[in-house]
Amino acid sequence: MTAAPAPAAAPTVPGPRRGRRARSGVSEATRRQQARLGVLLVAPAVVLMSVFLVFPVLNAVYYVFVDFDGLDTTPPFVGLDNFTELARDRDMWAAAWNNVIWIVLGTIGPLVLGLAMALLLWGVRRGSTFYRVVFFLPYVLPQVAVGVVWGWIYAPTRGWLNRGLEAVGLGGLARGWLGDPHTALYAVLGTAIWTATGFVFVIVLAALRNVAAELVDAAMLDGASYLQRLRYVVLPQIMPVFLMVTALTLIGGFAVFDIVFVMTGGGPANATEVLGTYAYSNAFQLSRISYGTTLALVVTALAVPVAVWLNRLQRRASTEGLGA
Amino acid sequence: MSRRGRAYAPGRPGIGRHLTLALLALITLFPVVLVVSTTLKSTQDVRANPFGLFSSFSLENLDTAWTVGDFDSYLLNSVLLSVPSTLIVVVASTMAGYAFARLPFPGRTVAFYLVVFGLLVPFFAYMVPLYFQMRSMGLLDSLIGVNLVLATTQLSFGTWFMRAFFADLPTELEQAGRMDGASEWQLFRQVMVPLVTSGMGALAVFTFLQQWNNFLVPLLYMPGGGYRPLTLGLYLFIGGRSVDIGPLAAGTLITILPVVVLYVVLQRQVTAGFLSGAVKG
């Protein structure tokens, strides 16, 4: 425990050489004043986080081991029953599988599109601000509004997507995209990719600005093709940032909720149910509060390895001076 | 200058590249254009000619959403939920960020781990027990309670964000201030805070957008419907009967308009907020 404060305090010491000397030059009275002010300044944040974050998290851990119905003040202890039920729950596995599809496609889609768009804009000067603002816009919009609009686009008879398909002679594919269990998940995913692409795009574009132009020039003089330059010169330089975006998009995929909830509510016939919506409906619609909480905690725990990986990437990126 | 740009491109950015970008921008913007166009069409035109863009002009959809659809009160509630929670986040984060960056104080390690904990645990993990906690505290359907929850969801990030700004300031400032006889509080309030106002501004814009867009917190903790914000109002609007697309489009426009305006005007701050939120963690 004695070693613990060191890593936490380390990054906050302002300039390694000066800080040390300045601190030892500080008088005892000043130090006491600093301690008092420090406590006062963190107090509001600490109080809020204790009440509205730590306490409910501890409660969540408690809920997992009891069977709470929302009314019972002394819910019965059930041990690991919630977990064994979870393992046997077919609907849960169906939701988990949808979540896997979501995470895979919902990560690859924005990464590929965002990278392609960033490469496309890289080096373009005229209108570059306009494009940046436009491409990032979907990510800034409230997901509810996004869901509403895409609902019209996917609508069966008056939807723009079907209309567009007819216009190019693919009218046979027309359908109610959100009402058809075979397409609903992919339709919602399409909307999610539309919003997340701008996020990847902006971060990759910022990373591209730090790419050493001399190396790319040199590779071009050596006769490297576009793809070779991309593969051997450009991508390695933006890789740390690229991996970070990957991790962030992955983490977002685990706890996806808003967009699915608004567009389909998990339907039709559970075709778009993901762990987030399944946990919600268990806890708040079926009053299976302990079970819903268990699901929510499991979803969170699944994302932890990715979060740890992300943390490691960030630390490496900042030691290499790449932390944008 | 333009060397950097040209270096990678096979030649000058050609017409093909500009055309592709313009097409992509069009696709990206299309849903937003659809909202604006549908809002401004007449009710009859929306029904008869769903695929016409800007084919008529009328404010009746906006009027219906505003009066019949209750979007006037939703708008007010959105303000009542976003502005106070944003202020709490900016003030509390600036204070805590300074303490973590510059002050030695007892309990610092514990407090620091609390912040890191908040960065790692998503709202989703504890939303269910928080509902029952809010119920027993009498904070369901309360502006104060929901504002405090909204603020707490952004507090860890805010503290982290402001800490970085304070950590970058040179130590000479402190020493000079102390030699002039300033107290530690005066040092914070009169010397340090004025130097990080740009950071506070970026944090305010970013936090405001997050709170404005938040859907799950009011959905869960405003069950009575007394203070429904725009996001929740819009959701209930589609959930109800089969709605006319026209007023729904108008409601959507009212919901996104403040976001779009703020983003377009302050796009540098907004993007910077999202970038540092992501890249620095």
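**Annotation, interfaces and local geometry**

Mentor: UniProt, in an unreviewed entry, gives the annotation "domain: ABC transmembrane type-1" to residues 96-308 of chain A; UniProt positions follow the numbering used here, feature names are shortened, and annotations may be inferred rather than shown by experiment. This is a predicted model, in which local features need pLDDT of at least 70 and side-chain atom pairs count only at pLDDT 80 or more, whereas totals for chains, interfaces and linings use all residues. Residues are numbered from 1 along each chain as its sequence is written, chains are lettered from A and ligands numbered from 1 in the order in which they are written, and side-chain values use heavy atoms, with hydrogens and water left out.

Trainee: How far apart are the end C-alpha atoms of residues 96-308 of chain A?

Mentor: Helices (H or I, at least four residues) and strands (E, at least two) are DSSP runs, numbered from the N terminus. On that basis the span 96-308 of chain A is 74% helix and 0% strand. Its end C-alpha atoms are separated by 21 Å.

Trainee: Which residues of chain A does UniProt annotate as "transmembrane region", and what is the end-to-end C-alpha distance of residues 289-310?

Mentor: The unreviewed entry lists 37-65, 100-122, 134-155, 184-208, 238-263 and 289-310 of chain A. Residues 238-263 of chain A are 88% helix and 0% strand, with end C-alpha atoms 35 Å apart. Residues 289-310 of chain A are 100% helix and 0% strand, and the distance between their end C-alpha atoms is 31 Å.

Trainee: Where does UniProt place the feature "transmembrane region" in chain B, and how much of residues 110-132 is helix?

Mentor: For chain B the unreviewed entry gives residues 21-40, 74-98, 110-132, 144-166, 187-209, 215-238 and 245-266. Residues 74-98 of chain B are 100% helix and 0% strand, and their end C-alpha atoms lie 36 Å apart. Residues 110-132 of chain B have end C-alpha atoms 27 Å apart and 0% strand; their helix content is 91%.

Trainee: What area do chain B and chain A bury between them?

Mentor: Contact means heavy atoms within 4.5 Å, and by this rule 114 residues of chain B touch 110 residues of chain A. Buried area is the accessible area (1.4 Å probe) that two parts lose on being put together, summed over both. Carbon and sulfur atoms carry 76% of the area buried between chain B and chain A, which comes to about 10100 Å².

Trainee: How many residue pairs are in polar contact between chain B and chain A, and which helix gives the largest share of the chain B side?

Mentor: A polar contact is a pair of N or O atoms within 3.5 Å; within protein, one must be able to donate a hydrogen and the other to accept it, and residues adjacent in sequence count only if both atoms are side-chain atoms. Between chain B and chain A there are nine such residue pairs, both residues being at pLDDT 80 or more. The largest share of the chain B side that touches chain A, 16 residues, belongs to helix α2 (residues 15-40) of chain B.

Trainee: Which residues of domain 1 of chain B lose the most area to domain 2 of chain B?

Mentor: An automatic or database domain assignment supplies the bounds, and chain B is divided into domain 1 (2-58) and domain 2 (65-279). Seven residues of domain 1 of chain B contact eight residues of domain 2 of chain B. The two domains of chain B bury about 580 Å² between them, 81% of it on carbon and sulfur atoms. Together accounting for 58% of what the domain 1 side buries, the residues are V35(B), T38(B) and T39(B).

Trainee: How many salt bridges are there over all chains, and which residue meets R288(A)?

Mentor: A salt bridge is a side-chain nitrogen of Lys or Arg within 4 Å of a carboxyl oxygen of Asp or Glu. At 2.0 Å, N to O, the side chain of R288(A) meets that of E85(A).

Trainee: Why does this pair tie together parts that are apart in sequence?

Mentor: R288(A) lies in the loop between α13 (275-285) and α14 (289-319) of chain A, whereas E85(A) lies in helix α4 (residues 81-88) of chain A. The pair therefore ties together parts whose separation in sequence is 203 residues.

Trainee: Which residues does a cis peptide bond join?

Mentor: P268(A) lies in the loop between α12 (258-263) and α13 of chain A. With omega about -10°, the cis peptide bond joins G267(A) and P268(A).
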